[in-house]
Amino acid sequence: MRIKLTIAYDGTRYCGWQVQPNGTSIQELIDLELSKLFKTKIKTIGASRTDAGVHALGNVASFDVETMMPPGKIAYALNAGLPRDIVVQSSEEVGEDFHPRFSDSIKTYEYHILNRRFPDPLRRHYTYFYHHPLDVQSMHEAAVYLIGEQDFTSFSSIHAQTNTYVRNVTECGVRREEDEVILRISGHGFLYNMVRIIAGTLIEVGGGMRDAKDVQRILEAKNRDASGPTAPPEGLVLVGIEYL
């Protein structure tokens, strides 16, 4: 049977989701626990290969296994062996045609900016601290330009490996909640570092270094040099994935 896992994690201590030769990854620990649980080597397929320091409330992975264990009980068994900063939120059986990455879905990310005079040590791993005032209305106006099916070459890392830079963003907006400024973006898929580059660019808009309308010109440039910096990983969280 094919099992779908929904996984939340604090990415602070890890080198990212994907198994890496130079550090401990979330996928590595989950695969290890699954292999111990079912007494056979199991390798999961993940929906989003989050980077080092990036967090998730609802990343998705799947694996195939022959077992008599009820699918819903797998989450409990896994959580008994996983560290406290990785928690499987649910486990369920899905069809053989389900694929975490290639099945049609909408992913939602948030980027959290701590916008106040001094840092908050309790939030240092979950927000990007920025002490200059931010014009949230201008940031939101800029974000709206990103909605739709467009070429996001300007908002992709030069190290991206892809056949096309066209992506469909279904929602993009910026709001303030007390001392946090939050970018929320949803889409059918994202390029490598796309959300963090968007966040870095919108911070420049909010800080008065760019005009909101500049985002349209950045898109048209189709050049990474036209956009802003890549914002740090700790502010980014994969909120969830909705399969259509």
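This is a predicted model: local features need pLDDT of at least 70, side-chain atom pairs count only at pLDDT 80 or more; totals for chains, interfaces and linings use all residues.

**Exercise 1.** At what angle do helix H3 (residues 136–144) and H4 pack, and how far apart are their axes? Classify the arrangement and describe the contact.

*Solution.* Step one is the geometry: the axes of H3 and H4 lie 8 Å apart, and the packing angle is about 135°. Angles over 145 degrees count as roughly antiparallel and those from 65 to 115 as roughly perpendicular. H3 is therefore oblique to H4. Step two is the handedness, and the crossing of H3 and H4 is right-handed. Step three is the contact itself. H3 contributes Ser138, Met139, Ala142 and Ala143, which meet Leu202, Ile203, Val205 and Gly206 of H4. Sorted by class, this contact of H3 with H4 comprises six nonpolar and two polar residues, with no charged ones.

**Exercise 2.** Determine how helix H1 (residues 26–38) and helix H2 (residues 71–81) are arranged, and name the residues that join them.

*Solution.* Begin with the axes of H1 and H2, which come within 10 Å and cross at roughly 115°. The range of 65 to 115 degrees counts as roughly perpendicular, and H1 and H2 are therefore roughly perpendicular to each other. Their crossing is right-handed. On the H1 side, the contact is made by Ile30, Glu33, Leu34, Leu37 and Phe38; on the H2 side, by Ile74, Ala77, Leu78 and Gly81. The class count for H1 with H2 is seven nonpolar, one polar and one charged.

**Exercise 3.** What volume does the largest pocket have, and which residues are the closest to its centre?

*Solution.* The volume of the largest pocket is about 1200 Å³. Its lining consists of 36 residues, of which Arg49, Arg101, Phe190, Leu191 and Tyr192 are the closest to the centre. Next, consider the elements: strand S5 (105–114), strand S8 (166–177) and helix H4 (194–206) each give two or more residues to the lining. Finally, the lining residues divide into 15 nonpolar, 14 polar and seven charged.

Definitions and conventions. Residues are numbered from 1 along each chain as its sequence is written. Side-chain values use heavy atoms; hydrogens and water are left out. On a 1 Å grid over the protein atoms alone, a cavity is a set of points where a 1.4 Å probe fits but cannot get out, and a pocket is an open set with protein on both sides within 12 Å along at least five of seven lines; lining residues have an atom within 4 Å of a point. Grid points are joined across faces, edges and corners, and a volume is the space filled by probe spheres set on the points. Helices (H or I, at least four residues) and strands (E, at least two) are DSSP runs, numbered from the N terminus. Ala, Val, Leu, Ile, Met, Phe, Trp, Tyr, Cys and Pro count as nonpolar, Asp, Glu, Lys and Arg as charged, and the others, Gly among them, as polar. Axes are lines fitted to C-alpha atoms, for helices over the stretch in contact, and angles run from 0 to 180 degrees between N-to-C directions. Angles under 35 degrees count as roughly parallel, over 145 as roughly antiparallel, 65 to 115 as roughly perpendicular and the rest as oblique. A crossing is left-handed if the near helix is turned anticlockwise from the far one by less than a right angle, and right-handed if clockwise. Contact means heavy atoms within 4.5 Å.
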